[in-house]
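Reader: I would like to learn how to read a few features off a model. Please take them one at a time, with the general idea before the case.

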Amino acid sequence: MRTRFLGGVHPTSHKESTRRKPIVPLEEPPKEVVIPLVMCAQGGAEPVVKKGDLVSVGQVIAKPTGDGVYVHASVSGRVKAIEPRPHPWGGKWDAVVIENDFKNTSYPDLPLPMDWERMNREEALERICQAGITSLGGGASPTHLRIRQAVGKTEILIVNAAECEPYLTADHRLLLEKGDQILQGVQMLSRLVRAEKAILVVAGDKLNAVEFLERRLRRKKREVEIVTIQTRYPLGMEKQLIRAVTGREVSPGQSALDVGCAVFNVATVYAIRHALLTGEPLTHRAVTVSGGAVARPRNLWVPIGTPLRCLLQAAGGLREKAAVTLTGGPMNGLIQEDLDAPVVKNTNALLCLTEQEHNVNQPEMVCVKCGHCVSACPMDLNPVLVYRAMRLGEKELLAGLHLEDCMDCGCCSYICPSHIPLMDLMRQAKKEGASHD
Ligand code: SF4
Ligand code: SF4
């Protein structure tokens, strides 16, 4: 098992409650879906439907502006409104609201399946673009652009199925339930970026998935290597993953491609294969609904745009008051105040954590200079100096602290015995640092 990795933490995995729960569709589909026009950090989309229009599943409802992505209807029905609605990334953003007719009618003019053995790269990239695929592991960048950048520069394609954040099991279930399709997707992507080698990286807490995939590979002689890495957070983050798997160091200011690696999340690879082989765009995704406050934690296959409230209902609601509700993992997920916010393309989990699980209400104490935050930082940064600069008003110190390397992993906040919200201070400091430049 490969490690080659500094820092990091071992949070309790909390995956037991969902790791054996298959990904199932919602028993009660949402009455309406709220599909935001902003699905990636690079840009938004312009609606091509209007209030009152009838739409079907897979139909384009918004076209990208700038480097945004196509947005599709995930249920069939009538457009009820195009208006600002809560977005899980914060605030209110324009969204297409579709009243579900519960007929699940597919859009009749979807593109034809491609013959991937003979596919032309440009056609495939156009298909992936039209399918509106973004990184589904959290990053939310347009996948066709990432593939285009990687063509000819990728020695090693790394497909990330580490899923090292606590509670999250949707990718693990995807490996077990769609293993053949994922292996085929890895081969397809490897061919698209012209990689010399393709590696599927799985964390050591998913050995049943590793054994299953190894068996499939033996039978079908597919050219994908499975690499198992230590279960340690944040090993699933790009730079750490590259170091653990290849020993290559991505220096500050460099990208993965500078060291000949391209990293894609496993759910994204599954979506790419699906779009190429079926012609269907990205309209649904797997989401883990978990946390100690959730009555019946489970993995769900949901239409994009489903309000978070519906996911919680499908998991039996709350069995006790949640101290915090998050989308994404507990280490660097986003706090959700409004459960009317919908699932977007990069929503991999909805977590409702109890006070015991999440130390939100622990009083902050003074720094005891233990140095744990420094040892835990996988980027070799010095969070305690950032704390001093921000709290003691020595902001001129920020300039030399390489804040730009912080990847918001949250290890420093997690490990701090004084409950100092170091990651939040880092985020603030990045803004301050930027304004100092
Ligand atoms: S300083 Fe940034 S990179 Fe380092 S542990 Fe904290 S959040 Fe992670
Ligand atoms: S972990 Fe917390 S208490 Fe320890 S040095 Fe860092 S900021 Fe101070």
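Reader: Is D380 buried or exposed?

Author: Buried means under 20% relative accessible area, exposed over 50%, and partly exposed in between, with a 1.4 Å probe and protein chains only. D380 has 66% relative accessibility, so it counts as exposed. This is a predicted model, in which local features need pLDDT of at least 70 and side-chain atom pairs count only at pLDDT 80 or more, while totals for chains, interfaces and linings use all residues. Residues are numbered from 1 along each chain as its sequence is written, chains are lettered from A and ligands numbered from 1 in the order in which they are written, and side-chain values use heavy atoms, with hydrogens and water left out.

Reader: Where is D380 placed?

Author: Helices (H or I, at least four residues) and strands (E, at least two) are DSSP runs, numbered from the N terminus. D380 sits in the loop between helix 9 (372-376) and helix 10 (383-391). Its phi is positive, about 60°, although D380 is not a glycine.

Reader: Which residue other than glycine has a positive phi near 55°?

Author: That is H402. H402 lies in the loop between helix 10 and helix 11. At 46% relative accessibility, H402 counts as partly exposed.

Reader: Which peptide bond is cis, with omega near 5°?

Author: The bond from Y233 to P234. P234 belongs to the loop between strand 11 (225-229) and helix 6.

Reader: Next, pockets. What is the volume of the largest pocket?

Author: The search uses a 1 Å grid over the protein atoms alone; a pocket is an open set of points with protein on both sides within 12 Å along at least five of seven lines, whereas a cavity is a set where a 1.4 Å probe fits but cannot get out. Grid points are joined across faces, edges and corners, and the volume is the space filled by probe spheres set on the points. Here the largest pocket comes to about 1,500 Å³. Lining residues have an atom within 4 Å of a point. The largest pocket is lined by 48 residues, and G137, G138, G139, M237 and N332 are the closest to its centre.

Reader: How does the lining of the largest pocket divide by class?

Author: Ala, Val, Leu, Ile, Met, Phe, Trp, Tyr, Cys and Pro count as nonpolar, Asp, Glu, Lys and Arg as charged, and the others, Gly among them, as polar. The lining of the largest pocket has 17 nonpolar, 21 polar and 10 charged residues. Helix 2 (143-150), helix 6 (238-246) and strand 12 (261-265) each supply at least two residues of that lining.

Reader: Which domains does the largest pocket lie between?

Author: Domain bounds come from an automatic or database domain assignment. The largest pocket lies between domain 1 (116-278) and domain 2 (372-436), because both give residues to its lining.

Reader: Now the ligands. How many residues surround ligand 1?

Author: A residue is near a molecule or strand if one of its heavy atoms lies within 4 Å of it. For ligand 1 there are 13 such residues, the closest being C377, C406, C409, G410 and C412. The shell around ligand 1 divides into 11 nonpolar, 1 polar and 1 charged. Helix 11 (411-415) and helix 12 (422-436) each supply at least two of its residues.

Reader: Which residues surround ligand 2?

Author: Ligand 2 is surrounded by C367, V368, K369, C370, G371, C373, V384, C416, P417, S418, I420 and L422. By class, the shell around ligand 2 holds 9 nonpolar, 2 polar and 1 charged.

Reader: What separates the C-alpha atoms of C411 and V9?

Author: A distance of 6.2 Å, although C411 and V9 are 402 residues apart along the chain. C411 lies in helix 11, and at 0% relative accessibility C411 counts as buried. In another pair, N265 and N160 are 105 residues apart along the chain, with 4.7 Å between their C-alpha atoms. N265 is part of strand 12.

Reader: Last, which backbone oxygen lies 2.9 Å from a polar atom of the H72 side chain?

Author: A polar contact is a pair of N or O atoms within 3.5 Å; within protein, one must be able to donate a hydrogen and the other to accept it, and residues adjacent in sequence count only if both atoms are side-chain atoms. For H72, the oxygen is that of Q130. H72 is in strand 6 (residues 71-72) and is buried, with a relative accessible area of 5%.
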